[in-house]
Amino acid sequence: MLESLLLIVGTYCSCALAVHAAYLLNRKDAKSRPRHLVLITHNQQHRVEWVLRSLILLCWLKGKAIRLTVFDCGSTDDTAAIVRRLAVRLPFSFHIVRSEKEIEPWLDRHFDAETVILHLRHNEEFSPLLVFP
């Protein structure tokens, strides 16, 4: 009876050590830069909140760090109000511009290999899994 119990405990401990060793070997560099997502919206009040919340939730679930910047290109609906309300609670920066041409100088200064630009002005289906495969 004692031998069976020791065998079970020993197997459990060796499996736990194997899982931790695999995690340490496959772990990405802790100092890697977070992915920068730039979201460009225009009159998307019906889906902007869902997109922002799903991106942040997916990043949290996958354990990935992101920097999120949202640009609103002169929306005439409640898109800017929704994003402004979410910006108080969620960690991202928000800018209102009149046109996409005003975004280009900002992108020239901040664009790098980890930057992903998402346009919500098109009526295409959006999936946060496209950002983090």
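Me: Which pattern does the chain follow when read along the sequence?
Reply: The model is a predicted one. Its chain has 4 helices and 4 strands. Read along the sequence, these elements follow the pattern α-β-α-β-α-β-α-β.

Me: What share of the contacts in the chain with a separation of 6 or more comes from residues 24 or more positions apart?
Reply: The chain has 133 residues, of which 32% count as buried. Among contacts with a separation of 6 or more, the share from residues 24 or more positions apart is 81%.

Me: How is the aromatic pair of Phe71 and Trp106 classed?
Reply: A search of the whole structure finds 1 aromatic pair. The ring centres of Phe71 and Trp106 lie 5.0 Å apart, and their planes stand at 75°. Planes over 60 degrees apart meet the cut-off for this class. The pair of Phe71 and Trp106 is therefore edge-to-face.

Me: How many residues apart are Phe71 and Trp106, and which elements hold them?
Reply: Phe71 belongs to strand E2 (residues 66–73), whereas Trp106 belongs to helix H4 (residues 103–110). The pair thus links distant parts of the chain, its members being 35 residues apart.

Me: Is Trp106 buried or exposed?
Reply: A residue counts as buried under 20% relative accessible area. Phe71, with 2%, is buried. Trp106 has a relative accessibility of 12%, so Trp106 is also buried.

Me: How are helices H2 and H3 oriented to each other?
Reply: Helix H2 (residues 48–62) and helix H3 (residues 79–89) pack with their axes 9 Å apart, at an angle of about 25°. H2 passes H3 in a right-handed crossing. Angles under 35 degrees fall in the class that applies here. H2 and H3 are therefore roughly parallel.

Me: How many nonpolar residues does the contact of H2 with H3 have?
Reply: From H2, the residues Val48, Glu49, Leu52 and Arg53 take part. They meet Thr79, Ile82, Val83, Arg85, Leu86 and Arg89 in H3. By class, this contact has 4 charged residues, 1 polar residue and 5 nonpolar residues.

Me: Is His36 buried or exposed?
Reply: His36 is found in strand E1 (residues 35–41). Leaving aside neighbours within four places in sequence, the contacts of His36 include Arg67, Leu68, Trp106 and His110. The relative accessibility of His36 is 2%, so His36 counts as buried.

Me: What distance separates the C-alpha atoms of His36 and Glu114?
Reply: Glu114 is one of the residues in contact with His36, as are Thr115 and Val116. Along the chain, His36 and Glu114 are 78 residues apart. Their C-alpha atoms are separated by 5.8 Å.

Key:
Residues are numbered from 1 along each chain as its sequence is written. This is a predicted model: local features need pLDDT of at least 70, side-chain atom pairs count only at pLDDT 80 or more; totals for chains, interfaces and linings use all residues. Side-chain values use heavy atoms; hydrogens and water are left out. Rings of Phe, Tyr and Trp (its six-membered ring) pair if their centres lie within 6.5 Å; planes under 30 degrees apart count as stacked, over 60 as edge-to-face and the rest as tilted. Helices (H or I, at least four residues) and strands (E, at least two) are DSSP runs, numbered from the N terminus. Buried means under 20% relative accessible area, exposed over 50%, partly exposed in between (1.4 Å probe, protein chains only). Axes are lines fitted to C-alpha atoms, for helices over the stretch in contact, and angles run from 0 to 180 degrees between N-to-C directions. Angles under 35 degrees count as roughly parallel, over 145 as roughly antiparallel, 65 to 115 as roughly perpendicular and the rest as oblique. A crossing is left-handed if the near helix is turned anticlockwise from the far one by less than a right angle, and right-handed if clockwise. Contact means heavy atoms within 4.5 Å. Ala, Val, Leu, Ile, Met, Phe, Trp, Tyr, Cys and Pro count as nonpolar, Asp, Glu, Lys and Arg as charged, and the others, Gly among them, as polar.
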